[in-house]
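Here is a short briefing on one protein model. Look through the structure first, then read the points below.

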Amino acid sequence: MLASAPAPASDLLPRLLKEHFGYDTFRPLQEEIIRTTMAGRDVLALLPTGGGKSLCFQLPAMVGQGLTLVVSPLIALMKDQVDQLTTAGIPATFLNSTLDAMEARNRLQGLNAGRYRLLYAAPERVMLPGFLEDLKRWNVERVAIDEAHCISEWGHDFRPEYRQLPALREVLPGVPFLALTATATDQVRGDIEDHLELRNPERFTASFNRPNLTYRVETKTQAYDQVRKFLESRPDDSGIIYCQSRKSTEQLADRLTADGIPALPYHAGLDQPVRAGNQDRFLRDGVRVVCATIAFGMGINKPNVRFVVHYDLPKNLEGYYQETGRAGRDGLPGECLLLFSAADVAKHLSFLREMPDPAESARSRHLLDQVVHYAECSGCRRRVLLDYFSEEYPDANCGSCDNCLTPRVTFDGTVAAQKLLSCVLRANQASRWQFGLGHYCDILLGANTEGIRRQDHQNLSTYGIGAELKKPAWQAIGRELVRLGFLHSDATRMGSLSLTEQGMSALKSRAKFILTQPDTADTGGSKRRSEALKAGSIDCDEALFQSLRTLRRELAEARSVPPYVIFGDVTLRHMARDYPCTESEFAGIPGVGSRKLADFGQEFMQAIRRHVAAHGQRGFGAQVKGPSVFTPSTASPQSTQSIAAAPAARPPAKAPAAPRQSASDTVAETLRLYRGGVRDMRELAAARSLAETTVVSHLAKAIADGGGEGFEVEEFLDPADLPELDRLFAGAGQMEVLKPIKDLAGDRFTYTQLHFFRAFRLAGKI
């Protein structure tokens, strides 16, 4: 039951947090943000991905009498977010272009009747004149602007339509704004405040550190083989591979699929139904790898993404941080791999030279230089990332990036550094002009280029003195000398180089230079991975965890929602660690609210009891190694606190040891009742104390697993409908995910009919 009081009592917020979201305490800054926005103040909140931004507007929406408007640019995710809220017992809806006219009218009627507490809409929809008039009637209590960095041209994902949002101030005078983002530099933060016209906002900034993520850079040599080996070493993990072009996403996805690693492309050029279907299959664990363009991004809300690979070089660190942040949103370990090559840098530079605006070109060059510095640095990568967001990492060694886990090899580069610095000095003196790094490398190599001949640089004393190294090696040395402060790269002049005072002094004094050996490809990453996975991991009964994952997927498929809408991996791992077999024990698991306890508790407890009866329990000590960013009741992205040790293993629960059957026991019980004469789905669901969609999934699973033996198609489907159903499934091109097929079917067929048709098709009876 939702609260109706206009202001929260001291214990109301924690109670609602537990009741609907299943957590006992807030993460740092959440409660402060919530209480500030409920007090009517404007708020700017910067919380890292996975830091709990959504709760900051979802929980206040449950306390007041009115509506919270959530402005989001991610149309494809609105249904996913609303599904999660509905499953948690919170009335929410969305309005966007994916709805047909009838469904949109129904939702508008619900909004007019005050049936919803949250409304998700894209900025384009919000600014329509008719919509603005509707907002006046809907008793809007606050406006939450998600992904607020989209309002800034200095951000990585600028959306011009966000600039129109201040017009809401005139329509909704006095209504507080809550602006939220996961990534924003100081300049972007200022733009958010200015362009949204925030009124004396309260500012909250959490740490940008994601301690559960491991950062790694490999030299890009045989890119496809590197990625394939990376994926083969993680057969159960789900992840995203970012590519530079649309064509490369499709080619990579096709090659991986041909090699037995099912993958799908995702980019803006795909037809909308195909793009939405590919995203849907990924969200629902129908495919574990998506190849996406860096430019378009994914913006996915999938919490159990375990890795993010950058197949090509990103354009800036802010976008890179945002994209890597899609790994490990649930706080469990995530891996971030960047493949780096000088050739990719050259491609970016060629694009920058073609930009018509010199100022924009210089700015983009500066951002690219920061990415190159991150990729080639020999120090802690986490420190570099956090420094970009004006945050200082306190430790010298983060213990979870490749440079900290396996420090790079250094060598005496005095002779090479002196040659390059001397070359830059003499070429600049001779021409009274500065050149790009490639030109100086060509001089050292004795190259016969037009640029060298035009400047008469073949007569320099440094011409040809660097033939012992190849050009990529000289380029790496040059970039390191820039990073170390001996050379200055002028972004306004396409990276032209000159000696700094430090460089001139070092050259004159013949100072010793210790340089970093270029990294070599490490396609397996096994050593680094085994060490890094300690951060954020939860030790549990892996066999039980896999069993619970299977049950979760069955329940999710029956409801046509992604599996994590039922429970996240963190919640399942806590179940597989603590073996909750009673309602009070189950309610104490993080992520289990009262609604989910009522809807799913019995089935999960039955699965746990069966496992305990068959296999007993394992004992676990301190389960989480490192910061626990996934469980609000234990820690935060800023904390170093760990989950307390679990109690010692108790004796096996006294549960009846049911005979093992080919299908799970809960499916077998549904099957027994059906064969005993309970044929109506509603009656069957009532007899099992389960949702109707669940018993439908049980029967469909029994049909598919058993080859349809003992079932006749006519019991479940009208034979006259079979040709049309066959055309629908053929048109969808897949059977794993039913939502795209239901979208094609409209009101002609129910999910129940689609479930049974698919089951009989898999059984070979249609």
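**Salt bridges, spaces and overall build**

Aspartate 186 counts as partly exposed, at 47% relative accessibility. Buried means under 20% relative accessible area, exposed means over 50%, and partly exposed lies in between (1.4 Å probe, protein chains only). This is a predicted model, in which local features need pLDDT of at least 70, side-chain atom pairs count only at pLDDT 80 or more, and totals for chains, interfaces and linings use all residues. Residues are numbered from 1 along each chain as its sequence is written, and side-chain values use heavy atoms, with hydrogens and water left out.

**Salt bridges**

- Side chains of opposite charge can pair when their charged atoms come close.
- A salt bridge here is a side-chain nitrogen of Lys or Arg within 4 Å of a carboxyl oxygen of Asp or Glu.
- The whole structure holds 37 salt bridges.
- Aspartate 186 pairs with arginine 189 in a salt bridge (3.8 Å, N to O).
- Arginine 189 counts as buried, at 15% relative accessibility.
- Helices (H or I, at least four residues) and strands (E, at least two) are DSSP runs, numbered from the N terminus.
- Lysine 302 forms a salt bridge with aspartate 285, and their closest N and O atoms are 2.4 Å apart.
- Lysine 302 sits in the loop between β11 (289-293) and β12 (305-310), and aspartate 285 in the loop between α12 (272-283) and β11, so the pair ties together parts that are 17 residues apart in sequence.
- Lysine 302 is buried, with a relative accessible area of 0%.
- Arginine 748 and glutamate 724 also meet in a salt bridge (2.5 Å, N to O).
- Arginine 748 lies in the loop between α33 (739-745) and α34, while glutamate 724 lies in helix α32 (residues 722-732), so this pair ties together parts that are 24 residues apart in sequence.
- Arginine 748 is partly exposed at 46% relative accessibility, and glutamate 724 is partly exposed at 26%.
- Lys220, Asp312 and Asp344 are linked in a network of salt bridges.

**Cavity and pocket**

- On a 1 Å grid over the protein atoms alone, a cavity is a set of points where a 1.4 Å probe fits but cannot get out; a pocket is an open set with protein on both sides within 12 Å along at least five of seven lines; lining residues have an atom within 4 Å of a point.
- The search finds 1 cavity of 30 Å³ or more.
- The largest cavity has about 40 Å³ of space.
- Its lining is Arg284, Arg553, Ala556, Glu557, Val561 and Pro563.
- Helix α24 (residues 542-559) gives the largest share of that lining, 3 residues.
- The second largest pocket has a volume of about 1,200 Å³.
- Of its 47 lining residues, Asp285, Gln546, Arg549, Arg552 and Arg553 are the closest to its centre.
- Helix α24 gives the most to this pocket lining too, with 9 residues.

**Whole protein**

- The protein has 34 helices and 17 strands.
- Of its 766 residues, 58% count as buried.

Note on methods. Points joined across faces, edges and corners; volume = space filled by probe spheres on them.
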